[in-house]
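Visitor: I would like to learn how to read a few features of a structure, one at a time. Could you take me through them?

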Amino acid sequence: MQMQTRHYFISNSEPAAAHTIGVLLEGARDQTLDFCGETLRFDRQAIAIALDGCENITIENAVIDWDIPFSAEGTILTASPEAVTVAIDPEKYPHHVEDGTLVFTGPGWMSRYFGAIEFDKEGRVRAGAGDTFPPVTAALTASGVELRGAFSVVPQVGNTLVLRHGVRSHPGFFCQNSQNITLRNVTFHATCGLGALFQFCENITVQHVSFVPGPGRRVLSGHDDGLHFSNCRGQILVEDCRFQGLMDDPINVHGTSVQVLSHSGGLVQGRFGHPQSIGFATWAAPGDQLSVLDCRTLNSLGTAVVKSFSLSDPVHFTLELDRPLPAGVDLALENITNTPRLLCRRNFFGSCRARGLLVTTPRTVVIEDNTFESSGSAILLSGDANAWYESGACRDVTIRRNRFFHCLTSYYQFCEGVISLCPEIPDQAGSSGFHENIAITDNLFDCPGVPALYAHCARQIRFSQNTLADGSDLRQAVKTQYCTIALD
């Protein structure tokens, strides 16, 4: 395969000087790429398939894999509060130790270990062990790799340890500034970063796409998220997909909020707040509608229309609006024109590190007939303008006829309930209600000992006709703060 090189600013990823690409379409129209079940196999950091400025494109019937994944698996041989010994296949995952750090290698590359997560014999993240693996020093022994540290949760012998390494810079599939794109019957066995990333796209269909372990691997499928949709618009359809063994959330749908540094009249100087989401030359265009947010409360202080937008550098920009911004308040902006509708149905969310489905968009969201076995929260409605800068207060969400099993067995950020409405708001008491009009109906919860629903800074929540498998009182399974909710 003749590899190509381009430079992109990629959402929720580490910046790179250049990106290596296997299959690249630029400005293509009305095409179907049918890979007829063939495997696209790589041996280095790369984007398997990239689309840029395309329209009416279908990618189908492909398998994407790496000879040596940018994560590794090992079997836990011994474990104590002070040390763990792991057997790692040196042919599948070549490795050595340098100055107490475990280092993995491949053709022309080396990558340092930075963390691990434990899976049980059923292929799920071990209950209570998510994100508890401590910093370690490594040494080679006759039986494997000894990892020494302070283990507050002692790993279990026989379980699988996924050892994480590599930089999140190359998604497996990348699509930007495109419309009417279909990804169908594609299987990801490994990625170097995010799985399939769509940014600044319109109308996306994802059907029968799987993130699952490849041949000879037990639990590992992807380096980070599965499907990631950033600053998109139109309709997103995700149906009949499968997610298992990812090292971050299977699906994330969000926009990007930005910081206001100064403003005078309608002229704004601003910056992208998170270092993994910068350089977006198409973050706004003339005619786009922006919401003006109070950073402390995330209350909207009104809207403005874009007259012009230009980058000063990858972090800073100049924005001209049709009206002045409010004075005396720390402000953020979000582009509510670049927000999509979402229909997510008949998918299987298996056990992965972190949560299942993250959604922050004000347009209509329907989540129905899915099965969740998420290690953390199954569904998270988040949103913030202070840390991750993932924007989009939800205004119309229906969650119905889903089944939740073995969810929230470990704690991760924002995981307060199986369904968690958890925006990051510094002044919660001052919030007028971030998420609203959320209907949660006719779902089955088989997740004993944890709240079925947690919500704060939300209004017009309806939680009705749901079932707890153990027959307990639904009212005891709901926790709220600064919310209005109807329970029946």
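This is a predicted model: local features need pLDDT of at least 70, side-chain atom pairs count only at pLDDT 80 or more; totals for chains, interfaces and linings use all residues.

Visitor: Where does UniProt place the feature "domain: GLAA-B beta-barrel"?

Guide: UniProt positions are given in the numbering used here, with feature names shortened, and annotations may be inferred rather than shown by experiment. The unreviewed UniProt entry places this feature at residues 72–161 and 271–329. Strands are DSSP runs of E with at least two residues, helices are runs of H or I with at least four, and both are numbered from the N terminus. Residues 72–161 are 0% helix and 49% strand, with end C-alpha atoms 8 Å apart, while residues 271–329 are 0% helix and 44% strand, with end C-alpha atoms 16 Å apart.

Visitor: Which side chain of opposite charge is nearest to aspartate 52?

Guide: Buried means under 20% relative accessible area, exposed over 50%, and partly exposed in between, with a 1.4 Å probe and protein chains only. A salt bridge is a side-chain nitrogen of Lys or Arg within 4 Å of a carboxyl oxygen of Asp or Glu; Lys and Arg count as positive and Asp and Glu as negative, while His and the chain ends are not counted. Aspartate 52, in strand 5 (residues 47–52), is buried yet has no salt bridge, and the nearest side chain of opposite charge, arginine 6, is 6.7 Å away.

Visitor: What does the side chain of aspartate 288 reach?

Guide: A polar contact is a pair of N or O atoms within 3.5 Å; within protein, one must be able to donate a hydrogen and the other to accept it, and residues adjacent in sequence count only if both atoms are side-chain atoms. The side chain of aspartate 288 reaches the backbone nitrogen of alanine 285 at 3.0 Å, and it makes a polar contact with the side chain of asparagine 335 (3.0 Å).

Visitor: How many disulfides does the structure hold?

Guide: A disulfide is a pair of cysteine sulfur atoms within 2.5 Å, and the structure holds 0 disulfides. For cysteine 192, the nearest cysteine sulfur, that of cysteine 352, is 18 Å away.

Terms used: Residues are numbered from 1 along each chain as its sequence is written. Side-chain values use heavy atoms; hydrogens and water are left out.
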